[in-house]
Amino acid sequence: MVMSNGFDADVILGGGGLVGQTLALALDQAGLSVAVIDASKPAETLAPAFDGRAFAIAFASYRMWRALGLGEALDAVAQPIRQILVTDGDLTRGGPSPLYLHFDGAEQEEPDEPLGLMLEARHVRQALDAAVKRRPSIRMIQPMSVSGFERDAAGVWVALADGSSLRAPLLIGADGRRSFVREAAGIRTIGWQYPVTAIAATIAHEKPHEGVAHEYFLPAGPFAILPLKGERANIVWAEPRAAAEALLAMSEEDFLAELRLRFGDFLGRLSLEGPRFGYPLSMQLAERMIDDRIALAGDSAHGIHPLAGQGLNLGLKDCAALAECIADGVAVGLDPGDVSILERYQRWRRFDNTTMALGMEAFDKLFSNSLPPLRTARRVGLAAVNAVGPARRFFMKYAGGAAGDLPKLLRGESLAA
Ligand SMILES: Cc1cc2nc3c(=O)[nH]c(=O)nc-3n(C[C@H](O)[C@H](O)[C@H](O)COP(=O)(O)OP(=O)(O)OC[C@H]3O[C@@H](n4cnc5c(N)ncnc54)[C@H](O)[C@@H]3O)c2cc1C
């Protein structure tokens, strides 16, 4: 704990979603006190049917959650992904292309590690909420919005919607795509809307999925079947806005008939488990991740296409890097908002975030186009990567979050001194 000078906490977090709460736990492990201000109502966000999402979590991200004490709660509900099959094709016109990309966990450097884990959003929210409540140095203020802030040379006064205020040396904006902290700090974004909405839903099926995740690149957009515990899968199905709205509004029976056309019958009979949810897709990158006494983490800094399930993984990498930069800085006597700490964080994370966002963009452009030469080129491309073992292993390592200069938490190491 480094708090002094009339500060209420070492760090104030504006936003306590999946990224904000993970970061609070990481900072707490490093010995800092944290105030988390989150606008959402726990009774809603912790309800089993709050959002239909499930996340593909890279093994490195999962190691961090374990290092932060979530293993006991998550191990029982996490479904290991053993294989990933990527197929280009139009199931409504004769099935997927025979040329595909096949990632098999058994081919990795650590063959016993899964390629990643599938976790339902509700389980992660519940585990994070319980872990945060167990930590006395984390003060969760909820439901409450950050409504303004003022900075001086030593810290930030953060104004809350109820008229009160808190002071700390650093304010972190983990407040999602429409980040108030980012906008009020004058950090601009580049980005655009995709003309598609992703439908997320949980499906029960008859036959076992054996831990195989499928991604079909259909002309309307990507369609993913992601294995969950039991005979269940989460689907993420991108369609042009109007078509997606129609799919979300139609009867369950009609929806399942449309779904079967894409899903196929390899898992037997299908039924819907819970409501369908629609997510209009957009891409958004902040021009920088820091400002005086401010840092951004998670979707507030980068909102990307969910095509390869990497958005939250990027946010979790931000948490690991930012907490480590702050812990190292504080250990040599700096305050948590010192400019050298923030600059180190930005150098560490910016390249990876930008590369991933633009990579997803290029992938989406290539795969959402049905011009015959492009279809041929991508089929040949998929087959070529598939044929070359090292290329396949590189993709597996990158998607697993194990490439590059990994912060301690992503290696499964604690930040406790
Ligand atoms: C369909 C779909 C599927 C996806 N699948 C995957 C996947 O498989 N793998 C993966 O890695 N990623 C995936 N993602 C991306 C992932 O969902 C996001 O990257 C992640 O949820 C971002 O978390 P966050 O905490 O940064 O932001 P958010 O979840 O948006 O949380 C922001 C928090 O800030 C709070 N807040 C907002 N404004 C204020 C304010 N003024 N004051 C206080 N609090 C405030 C909100 O209440 C909220 O709790 C998917 C996304 C979609 C749409």
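Arg344 comes out as partly exposed, its relative accessible area being 29%. Keep in mind that we're looking at a predicted model. The partner of Arg344 is Asp328, and the two form a salt bridge with their closest N and O atoms 3.0 Å apart. Since Asp328 sits in helix H9 and Arg344 in helix H10, the pair ties together parts that are 16 residues apart in sequence. Asp328 is partly exposed too, at 30% relative accessibility.

Now for another pair: Asp318 and Arg349 meet through their side chains in a salt bridge, at 2.8 Å from N to O. Asp318 belongs to helix H9 and Arg349 to helix H10 (residues 339-367), so this bridge links parts 31 residues apart in sequence. Are these two buried or exposed? Asp318 is buried, with a relative accessible area of 0%, and Arg349 counts as buried at 4%.

## How H1 and H9 pack

Helix H9 (residues 311-331) also packs with helix H1 (residues 18-29), at an angle of about 25° and with the axes 9 Å apart. The two helices are therefore roughly parallel, and H1 passes H9 in a right-handed crossing.

Which residues of H1 meet H9? They are Leu18, Val19, Thr22, Leu23, Ala26 and Leu27. Sorted by class, the contact of H1 with H9 has 11 nonpolar, two polar and no charged residues.

## A bridge from H1

Asp28 is in H1 and Arg135 in the loop between helix H5 and strand S8, so the pair ties together parts 107 residues apart in sequence. Asp28 is buried at 9%, while Arg135 is partly exposed at 37%.

Notes: Residues numbered from 1 in each chain as written. Predicted model: local features only at pLDDT ≥ 70, side-chain atom pairs only at ≥ 80, totals over all residues. Heavy atoms only, no water. Axes fitted to C-alpha atoms, helices over the stretch in contact; angles between N-to-C directions. Helix = DSSP H or I, 4+ residues; strand = E, 2+ residues; numbered from the N terminus. Parallel < 35°, antiparallel > 145°, perpendicular 65-115°, else oblique. Left-handed = near helix turned anticlockwise from the far one by under 90°. Contact = heavy atoms within 4.5 Å. Nonpolar A, V, L, I, M, F, W, Y, C, P; charged D, E, K, R; others polar. Buried < 20%, exposed > 50% of the residue type's maximum accessible area, 1.4 Å probe, protein only. Salt bridge = Lys/Arg side-chain N within 4 Å of Asp/Glu carboxyl O.
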